[in-house]
Amino acid sequence: ISPELYRELCRADGIAEVVILYGRSLPDLNINSDSLMQAMPDYETAGYVLPYNKETFKLADQIKYGTYFTDVNQIILTYDMAVSLMSDSPEKLIGQTITKNYYGVGEVKLEIVGIMDKLNDIEKKYLDAMEMYDENTWFLNGKFAEQYIYNEEFHNNGKRSYMLYFDSYRDMKAFYSENYEKYNESGSLIMGLTAISE
(Lines give C-alpha, C1' and ligand atoms only; values in the text may rest on other atoms or scores of the structure.)
Protein backbone atom coordinates (compact mmCIF):
# COMPACT_ATOMS: atom_id res chain seq x y z
CA ILE A 1 0.00 0.00 0.00
CA SER A 2 1.76 3.13 -1.18
CA PRO A 3 1.48 6.30 0.94
CA GLU A 4 1.47 8.18 -2.36
CA LEU A 5 -2.09 6.98 -3.00
CA TYR A 6 -3.22 8.66 0.20
CA ARG A 7 -1.36 11.86 -0.67
CA GLU A 8 -2.87 11.80 -4.15
CA LEU A 9 -6.37 11.57 -2.70
CA CYS A 10 -5.62 14.47 -0.34
CA ARG A 11 -4.56 16.61 -3.31
CA ALA A 12 -7.60 15.77 -5.47
CA ASP A 13 -9.90 18.65 -6.37
CA GLY A 14 -12.89 19.13 -4.11
CA ILE A 15 -11.81 16.73 -1.36
CA ALA A 16 -11.91 18.41 2.05
CA GLU A 17 -10.52 15.47 4.04
CA VAL A 18 -9.43 11.88 3.54
CA VAL A 19 -9.99 9.53 6.49
CA ILE A 20 -8.37 6.12 6.82
CA LEU A 21 -10.91 3.64 8.17
CA TYR A 22 -9.32 1.68 11.01
CA GLY A 23 -11.72 -1.26 11.34
CA ARG A 24 -12.03 -1.94 7.62
CA SER A 25 -8.29 -1.73 6.95
CA LEU A 26 -7.11 -4.09 9.69
CA PRO A 27 -5.16 -7.12 8.47
CA ASP A 28 -7.01 -10.44 8.50
CA LEU A 29 -6.67 -12.45 11.68
CA ASN A 30 -4.41 -15.47 11.45
CA ILE A 31 -6.64 -18.53 11.67
CA ASN A 32 -5.25 -21.78 13.04
CA SER A 33 -6.55 -24.47 10.67
CA ASP A 34 -5.87 -27.16 13.29
CA SER A 35 -8.26 -25.61 15.77
CA LEU A 36 -11.93 -24.72 15.73
CA MET A 37 -11.23 -21.96 18.22
CA GLN A 38 -9.64 -18.67 17.30
CA ALA A 39 -7.99 -16.44 19.86
CA MET A 40 -9.05 -12.84 19.55
CA PRO A 41 -6.25 -10.30 19.33
CA ASP A 42 -5.54 -8.03 22.27
CA TYR A 43 -6.06 -4.90 20.15
CA GLU A 44 -9.30 -3.24 19.08
CA THR A 45 -10.75 -4.94 16.01
CA ALA A 46 -13.36 -2.27 15.36
CA GLY A 47 -13.22 1.47 15.39
CA TYR A 48 -15.11 4.27 13.73
CA VAL A 49 -13.11 7.27 12.53
CA LEU A 50 -14.55 10.75 12.04
CA PRO A 51 -12.80 13.56 10.18
CA TYR A 52 -10.50 15.62 12.37
CA ASN A 53 -11.77 18.97 11.14
CA LYS A 54 -15.07 20.13 12.56
CA GLU A 55 -16.02 21.88 9.31
CA THR A 56 -15.81 18.58 7.45
CA PHE A 57 -18.31 16.61 9.55
CA LYS A 58 -22.00 17.40 9.08
CA LEU A 59 -22.98 16.36 12.60
CA ALA A 60 -20.24 18.29 14.41
CA ASP A 61 -22.92 20.63 15.79
CA GLN A 62 -24.56 17.67 17.54
CA ILE A 63 -22.02 17.72 20.38
CA LYS A 64 -24.06 17.95 23.59
CA TYR A 65 -21.16 18.10 26.05
CA GLY A 66 -17.57 19.15 25.45
CA THR A 67 -16.18 19.98 22.03
CA TYR A 68 -15.23 18.48 18.70
CA PHE A 69 -11.67 17.15 18.28
CA THR A 70 -8.79 19.50 19.06
CA ASP A 71 -5.95 16.95 19.35
CA VAL A 72 -4.90 13.54 18.06
CA ASN A 73 -5.53 11.20 21.00
CA GLN A 74 -9.11 12.25 21.59
CA ILE A 75 -12.43 10.49 21.20
CA ILE A 76 -16.08 11.47 21.03
CA LEU A 77 -18.67 9.25 22.67
CA THR A 78 -22.21 8.63 21.53
CA TYR A 79 -24.83 9.72 24.04
CA ASP A 80 -25.77 6.13 24.86
CA MET A 81 -22.14 5.17 25.41
CA ALA A 82 -21.68 8.08 27.80
CA VAL A 83 -24.85 7.19 29.73
CA SER A 84 -23.74 3.55 30.00
CA LEU A 85 -20.48 4.74 31.58
CA MET A 86 -21.98 7.39 33.87
CA SER A 87 -25.76 7.40 33.84
CA ASP A 88 -26.36 10.25 36.32
CA SER A 89 -23.90 12.82 34.97
CA PRO A 90 -22.44 11.83 31.59
CA GLU A 91 -21.03 15.35 31.15
CA LYS A 92 -18.51 14.56 33.92
CA LEU A 93 -16.78 12.18 31.51
CA ILE A 94 -15.39 15.15 29.57
CA GLY A 95 -11.65 15.36 30.18
CA GLN A 96 -11.36 11.82 31.51
CA THR A 97 -9.21 9.26 29.69
CA ILE A 98 -9.66 5.64 28.73
CA THR A 99 -6.89 3.31 27.61
CA LYS A 100 -7.32 1.25 24.45
CA ASN A 101 -4.97 -1.03 22.55
CA TYR A 102 -4.73 -0.41 18.79
CA TYR A 103 -3.08 -2.48 16.09
CA GLY A 104 0.57 -1.56 15.56
CA VAL A 105 0.41 1.20 18.16
CA GLY A 106 -0.21 -0.53 21.48
CA GLU A 107 -1.92 1.03 24.45
CA VAL A 108 -3.07 4.61 23.99
CA LYS A 109 -4.64 6.97 26.49
CA LEU A 110 -7.59 8.62 24.79
CA GLU A 111 -9.18 11.76 26.19
CA ILE A 112 -12.97 12.00 26.08
CA VAL A 113 -13.34 15.43 24.53
CA GLY A 114 -16.99 15.34 23.44
CA ILE A 115 -20.30 13.56 23.83
CA MET A 116 -22.83 13.57 21.01
CA ASP A 117 -26.48 14.34 21.58
CA LYS A 118 -29.18 11.80 20.80
CA LEU A 119 -29.57 11.68 17.03
CA ASN A 120 -32.76 11.87 15.03
CA ASP A 121 -33.56 9.40 12.25
CA ILE A 122 -32.00 11.53 9.50
CA GLU A 123 -28.77 11.96 11.45
CA LYS A 124 -28.66 8.23 12.17
CA LYS A 125 -29.08 7.49 8.46
CA TYR A 126 -26.19 9.83 7.65
CA LEU A 127 -23.88 7.79 9.90
CA ASP A 128 -25.45 4.53 8.78
CA ALA A 129 -24.72 5.37 5.13
CA MET A 130 -21.07 5.59 6.13
CA GLU A 131 -21.40 2.31 8.07
CA MET A 132 -20.60 4.14 11.29
CA TYR A 133 -23.90 4.09 13.14
CA ASP A 134 -23.81 2.38 16.51
CA GLU A 135 -25.68 3.80 19.47
CA ASN A 136 -23.13 2.54 21.98
CA THR A 137 -19.67 3.43 20.69
CA TRP A 138 -16.92 6.03 20.48
CA PHE A 139 -15.23 7.74 17.56
CA LEU A 140 -11.54 8.16 16.84
CA ASN A 141 -10.42 11.04 14.65
CA GLY A 142 -8.70 11.20 11.28
CA LYS A 143 -5.45 12.57 12.73
CA PHE A 144 -5.15 9.48 14.92
CA ALA A 145 -5.65 7.22 11.90
CA GLU A 146 -2.97 9.04 9.89
CA GLN A 147 -0.27 7.13 11.78
CA TYR A 148 -1.17 4.09 9.65
CA ILE A 149 -0.25 5.77 6.35
CA TYR A 150 3.32 4.44 6.43
CA ASN A 151 2.52 1.09 8.06
CA GLU A 152 2.93 -1.29 5.11
CA GLU A 153 1.12 -4.08 6.96
CA PHE A 154 -1.99 -2.03 7.65
CA HIS A 155 -4.30 -3.34 4.94
CA ASN A 156 -6.91 -6.02 4.51
CA ASN A 157 -6.18 -8.42 1.65
CA GLY A 158 -4.10 -5.78 -0.08
CA LYS A 159 -6.67 -3.00 0.30
CA ARG A 160 -6.83 -0.02 2.61
CA SER A 161 -10.19 1.68 3.09
CA TYR A 162 -10.91 5.41 3.05
CA MET A 163 -13.84 7.74 3.59
CA LEU A 164 -13.69 10.85 1.43
CA TYR A 165 -15.31 14.11 2.52
CA PHE A 166 -15.99 16.60 -0.28
CA ASP A 167 -16.58 20.34 -0.32
CA SER A 168 -19.82 19.90 -2.28
CA TYR A 169 -22.11 17.30 -3.81
CA ARG A 170 -20.97 18.45 -7.26
CA ASP A 171 -17.32 17.72 -6.39
CA MET A 172 -18.28 14.35 -4.96
CA LYS A 173 -20.25 13.37 -8.06
CA ALA A 174 -17.43 14.46 -10.39
CA PHE A 175 -14.84 12.47 -8.46
CA TYR A 176 -17.02 9.38 -8.37
CA SER A 177 -17.61 9.36 -12.12
CA GLU A 178 -13.97 10.01 -12.96
CA ASN A 179 -11.97 8.12 -10.34
CA TYR A 180 -13.93 5.65 -8.23
CA GLU A 181 -13.02 2.51 -10.18
CA LYS A 182 -9.42 3.61 -10.68
CA TYR A 183 -8.74 3.95 -6.98
CA ASN A 184 -10.57 0.76 -6.01
CA GLU A 185 -8.47 -1.19 -8.50
CA SER A 186 -5.22 0.33 -7.26
CA GLY A 187 -5.38 -1.18 -3.77
CA SER A 188 -7.30 1.64 -2.12
CA LEU A 189 -10.90 0.86 -1.30
CA ILE A 190 -13.14 3.93 -1.23
CA MET A 191 -15.78 2.86 1.27
CA GLY A 192 -17.81 6.00 1.07
CA LEU A 193 -18.19 9.54 -0.17
CA THR A 194 -19.92 12.36 1.61
CA ALA A 195 -20.39 16.03 0.79
CA ILE A 196 -20.20 18.92 3.24
CA SER A 197 -22.77 20.95 1.33
CA GLU A 198 -25.33 20.21 -1.37
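## K118 and D80

K118 is exposed, at a relative accessible area of 51%. Exposed here means over 50% relative accessible area, buried under 20%, and partly exposed in between, with a 1.4 Å probe and protein chains only. K118 forms a salt bridge with D80, with the closest N and O atoms 3.4 Å apart. A salt bridge is a side-chain nitrogen of Lys or Arg within 4 Å of a carboxyl oxygen of Asp or Glu. D80 lies in helix α3 (residues 79–85) and K118 in the loop between β6 (106–116) and α4, so the pair ties together parts 38 residues apart in sequence. D80 is partly exposed, at 29% relative accessibility.

Helices (H or I, at least four residues) and strands (E, at least two) are DSSP runs, numbered from the N terminus. This is a predicted model: local features need pLDDT of at least 70 and side-chain atom pairs pLDDT 80 or more, while totals for chains, interfaces and linings use all residues. Residues are numbered from 1 along each chain as its sequence is written, and side-chain values use heavy atoms, without hydrogens or water.

## Other salt bridges

The count comes to five salt bridges. R24 pairs with E131, with the closest N and O atoms 2.1 Å apart. This pair links distant parts of the chain: R24 sits in helix α2 (residues 22–25), E131 in the loop between α4 and β7 (138–141), 107 residues apart. R24 is partly exposed at 41% relative accessible area, and E131 is partly exposed at 42%.

E4, R7 and R11 are linked in a network of salt bridges. Within it, R11 meets E4 at 2.6 Å, N to O. R11 is exposed at 54%, whereas E4 is partly exposed at 30%.

## Helix α4

Helix α4 spans residues 121–129, and E123, Y126 and L127 are buried in it. They are on the same side of α4, because they cover an arc of only 90 degrees around the axis, taken from the directions from the helix axis to the C-beta atoms. D121, I122, K125 and A129 are exposed on the other side.

At the start of α4, a side-chain oxygen of N120 reaches to within 3.0 Å of the backbone nitrogen of I122. Just after α4, E131 has a positive phi of about 55 degrees.

## Strand β8

Strand β8 (residues 160–168) is largely enclosed by the rest of the structure, because eight of its nine residues are buried. Five bridges join β8 to strand β1 (residues 15–20), and the two run antiparallel. Strands pair if DSSP finds at least two bridges between them. E17 stands opposite Y165 in β8.

Conventions:
Polar contact = N/O pair within 3.5 Å; in protein donor to acceptor, adjacent residues only side chain to side chain.
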